[in-house]
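Dear colleague,

I am handing over the structure below, with notes on what was found in it. Please keep it open while you read.

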Amino acid sequence: MTFRASTRPGAEPRVPLPRVFWLLFTGVLLNRLGILVPSFLALFLAAESGIGPGVTGILVGVWGAGSVAGSLAGGVLADRTGARGAILVSQFTAIGACAVLAAVDRPTVLAAAALLAGCASTLHKPAGTVVVAQALPRSEHVRAFGLLYWASNIGAAISPAVSGFLLSASGYWLVALNITTALAYAGLAHRLPGPRPRAEAAPNDPAGADVTGDGGRETLRGLLAPFRSPATAWFLALSFCLAAIYLQKQSALPLDMKAHGLSSQVYGLVVSLNGFLIITTQPLVSRLTRRLAVDVQFLCAAVLVAVGFGANAVAAGPWAYAAALVVWTVGEMLLVPQASAFLVRHAPPGRAGSYQGAYGFVWNLGLVIGAPVGMAVLQTWGSAALWTGALLLGLSTATAHALTMLRTRRRARHPGRRSLTRPDRQDTA
């Protein structure tokens, strides 16, 4: 993996973020506010469809499968149609899925709607990468991705309260919220850029190549490209390890807290601290760390995620769990914006969306695989084994990042030495 040890985004003066970016920022916030997340999907189905909990669980799992597939598909779609097309497809897919969920009670039809709803929830996300790559210089990428991440978390913090209030009145108000925010995001998307012809693209613009030809073969190449590049494949593998640890917050962590005598309300309060910290401190964290090299930030993020979740092994009360959460939340705030910026820099022309989609795919895969593994370890060997294992896996990931960093800096000192990976196009420009 070819990190540039000397990459220091803070070395260049900031530029004002363009209007197109703020349109995207608003759309991301609205989307996250209104999206029908799995927990409220389950509550809606229980209240309005009359199906049993077993079928509801299957439908929620189908939603998750759709979200995993949507990340990959959304990346290729954004590269081929531009940000505008990818967002429009995702939002109208969400509207159609919600309409079916509200009007039909047949399990097979509900399964198809849940799959589409899950796909729509991630289909639009790689489009943001294309907008940032086209509209902003590289020195502002981390800042822009940090702000998009911030917008998503603002919406996520408001959404449960709004959704819970609407659901208490009628489940159909919840569907109406989703449709309204999807229409609003689609309206904003009309002002976002479409696909850029090759002739209009700058030589190093990752969103500028013509990727409209060759049909299914071109689509398959777009899906596989991030996993065939040594630099990004290695980074995606390490990201999967961190995702498998981080997403225990949605599976094993609530069960562990319950086993220590803490109520679901306490769990909700503790985990809500994650969103509160991101909303209140994300821009500050990005500003304070913008002079750190990207490889240093990845290393620090891995250590913080490892130590934060590992500390749960000795936690027994809400304050101890909250302290551990603060540690891994800081790691999250370091990781997410830098990961998106790293993938833009390493994406060849026309593949920025596909590379971001691959990152979303491995991140969601961390939940699909990590959640059952974590719960199995918790039930079989106990919480100490689970969180110790998370600590060791996280520190191993940090060690891999450290070795990559050292190897990259050694190459920088000896540029004539043959590199193990193909030089990155953007980094050598």
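The structure holds 0 disulfides, a disulfide being a pair of cysteine sulfur atoms within 2.5 Å. Please bear in mind that this is a predicted model, in which local features need pLDDT of at least 70 and side-chain atom pairs count only at pLDDT 80 or more, while totals for chains, interfaces and linings use all residues. Residues are numbered from 1 along each chain as its sequence is written, and side-chain values use heavy atoms, with hydrogens and water left out.

As for the chain as a whole, there are 15 helices and 0 strands, where helices (H or I, at least four residues) and strands (E, at least two) are DSSP runs numbered from the N terminus. Of its 429 residues, 52% count as buried; buried means under 20% relative accessible area, exposed over 50%, and partly exposed in between, with a 1.4 Å probe and protein chains only. Among contacts (heavy atoms within 4.5 Å) between residues at least 6 apart in sequence, 85% join residues at least 24 apart.

Helix H12 covers residues 294–310, and its 17 residues should span 24 Å at 1.5 Å a residue, which agrees with the 24 Å between its end C-alpha atoms; the expected span is 1.5 Å times one less than the number of residues. Its buried residues include Val294, Phe298, Val305 and Phe309, and the buried residues of H12 pack against helices H9 (230–246), H11 (264–289), H13 (318–346) and H15 (383–413).

H11 and H13 also pack against each other, at an angle of about 40 degrees and with their axes 8 Å apart; axes are lines fitted to C-alpha atoms, for helices over the stretch in contact, and angles run from 0 to 180 degrees between N-to-C directions. The two helices are therefore oblique to each other, since angles under 35 degrees count as roughly parallel, over 145 as roughly antiparallel, 65 to 115 as roughly perpendicular and the rest as oblique. Among the residues that make the contact are Val266, Leu273 and Leu277 of H11, and Tyr321, Leu325 and Trp328 of H13.

Finally, Pro16 lies in the segment before helix H1 (19–34) and counts as exposed, because its relative accessibility is 75%. The C-alpha atoms of Pro16 and Glu140 are separated by 9.3 Å, although these residues are 124 residues apart along the chain.
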